[in-house]
Amino acid sequence: MSASVTALPRRAWVEQVMGIPVSIHLRGAGVDTPEAADAVAAAFSSLRAMDRVFSTWREDSEVMRLRRGDLTIERCHPLVAEALEIGGVATRVTGGAFTMLLPGDAGDLVLDPTGLVKGWAVERAAALLADLPGVSACVNGAGDLAVVAHADLPDEGPDAITWRIGIEDPRDPTRTADVVALTRGAVATSGTAARGAHLYDPAGRRMVGRPGSTTVHGPSLLWADIWATALFVGGESAGAAFTSRAPAYTRIEL
Amino acid sequence: MRRIVLWAMSTLTLLVLLFSYHTSRGASTTVASSIEQLNDSASSTDTGSSGASSTDASGSSGSSSSSPSTTYAGDAVQTQFGPVQVQITVSGGTITKAEVLQVPWGNGRDQEINSRAVPILNSEVVQTQSARIDMVSGASITSNGYLTSLQSAIDQANL
C-alpha cells in the first residue's frame, strides 16, 4: 500500500485461451527479465494444454472423446482422473450443490467438468509464476483470479506486494462494489448477469438465472471457484456446508 | 511509460467508439476500420512525428518513481461519427485523469450518445485508478464483455 509498492514495475499480458480472456500481471523488480517472459509463456501454454484435455467446446478434447466413448478414462491424460476425483469430493463437501453431471442436449446427464476446470487451470498456470525472484503475479481468467508471490516476499510490511481486487457490481459492471486485498490466494465470482442462466442447480434440477453474484476468496482458486458456484446455485444447506467445511474461505454476496 | 500511455490512449478511444456503437446504428465493419485507424494513429505518435503530447516536467517520462504528472493528448482522429480526441494525465505510471477533448457533437443524436458515453468512460478509467484497484473479479468479464470491462482498461494500461 505504500508509495514504493505502487511505483513497482508492472507488466501485463492478455491472451484468449479456453474461450475466455486471460490476463497475467506481474509486479516487482524482476518483471522485465527473460525468466519472467518464459514463465508467462509457460503459464499460457499450461492453460492451452488444459483446454485440449477438458474443453467441452472442442469436439477433439479428451473429455468430449470420453463422452462419445471414443476414449476410456484409463487412456485419458491423468488430469482427467484427477478432475473426476476432485469433482466427487466437491459434490460431497458442498452437500450436492456442485456437480460435474450436467444436462446434455438429449436431456440426459453428461460429464461436464467445466465448473472446476477454469479455476483449476488458472491456479495451475499461476503456480508456474511463483518462483520468480522479487515478483508477485496475478492471473485473471475471466473474473476468477489467483495471486502468487515468490517465497521471499512477505505477506505484511513495506515489502509486501498487495493486490487490490475490485469485486464487480453485478448490477453495474462499470463499477466495483467491494475490494479484497491479497498478497497470496484467490478470488472467484459466480453470477449469471453476463451469460444468462448457465449455472445448474443439481438439487432443483434446473438452470439458475437469478440476479446478483457470489464471490468467494481464500487460499485456493480451485476451491474458491467451486464454492462460489455451489453457493450461487445452492440453498441454505450449501451455505451451512460452506460455514462448517470451508473455514479458510470468505463469502461476499452482492 | 511512453508505450503504456499509447496503449491507454488507444483503449480510451476504442471505448469511446464502442460506447457509441452500442447506441448507434453504424455498421460493424466501419466501426472496425475506425478502430484500426485509431490504433494506427496512436502508434504513429510513437515516432514523434505527430500528436500533441505536452508535459509539465520535461524529461520525466523515463523515470519510474516520484515522477510528476504528465498530460498526453492524442491526435484528433476522424471516425465515422466525427472527430474523437482523448487526453490522459499520468502520474507515477497510473492514469489519474481521463478527458475526452473532442467528440462528435454535430447533431442531437451525437449529443445524446456522447453525453452518456463520455462520463462513463471517464469515470470507468479513473475509478480503477482512484480506488487503486489492481484487478477485477466478476461474472461479466467474458469474451463478449471484455473490451468494455474494467479489467480490460486495467490490462491495457499495463501492457
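This is a predicted model: local features need pLDDT of at least 70, side-chain atom pairs count only at pLDDT 80 or more; totals for chains, interfaces and linings use all residues.
Residues are numbered from 1 along each chain as its sequence is written, and chains are lettered from A and ligands numbered from 1 in the order in which they are written.

**The sheet of chain A**

Let's start with an open sheet of seven strands in chain A, ordered 1-2-5-6-9-12-13 with antiparallel pairing. Strands here are DSSP E runs of at least two residues, helices are H or I runs of at least four, and both are numbered from the N terminus. Two strands pair if DSSP finds at least two bridges between them. Strand 1 (10–17) and strand 13 of chain A sit at the edges, each pairing on one side only. Strand 13 is joined to strand 12 (residues 213–218) of chain A by four bridges; in one of them His217(A) partners Thr250(A).

**Helices against the strands**

Contact means C-beta atoms, placed from the backbone, within 7 Å; angles run from 0 to 180 degrees between N-to-C directions, with axes fitted to C-alpha atoms, for helices over the stretch in contact.

| Helix of chain A | Strands touched | Angle |
|---|---|---|
| Helix 2 (residues 34–54) | strand 1, strand 2 (20–28), strand 5 (135–141) | about 20° with strand 1 |

Helix 5 of chain A is mostly covered, with eleven of its 14 residues buried. Buried means 20 or more other C-beta atoms within 10 Å of the residue's own, exposed means 12 or fewer, and partly exposed is in between, with C-beta atoms placed from the backbone. Among the buried ones are Trp120(A), Lys118(A) and Glu123(A). Their cover includes helix 2, helix 4 and helix 6 of chain A.

**Helix 7 of chain A**

Which residues of helix 7 (residues 236–245) of chain A are buried? They are Ala238(A), Ala241(A) and Phe242(A). The face turned away carries the exposed Glu236(A), Ala240(A), Thr243(A) and Ser244(A). Covering the buried side are, among others, helix 4 (78–93), helix 6 (221–233) and strand 13 (250–253) of chain A.

**Chain B**

Chain B has four helices and six strands. Of its 159 residues, 38% count as buried.

Methods. Two residues are in contact if their C-beta atoms, placed from the backbone, lie within 7 Å.
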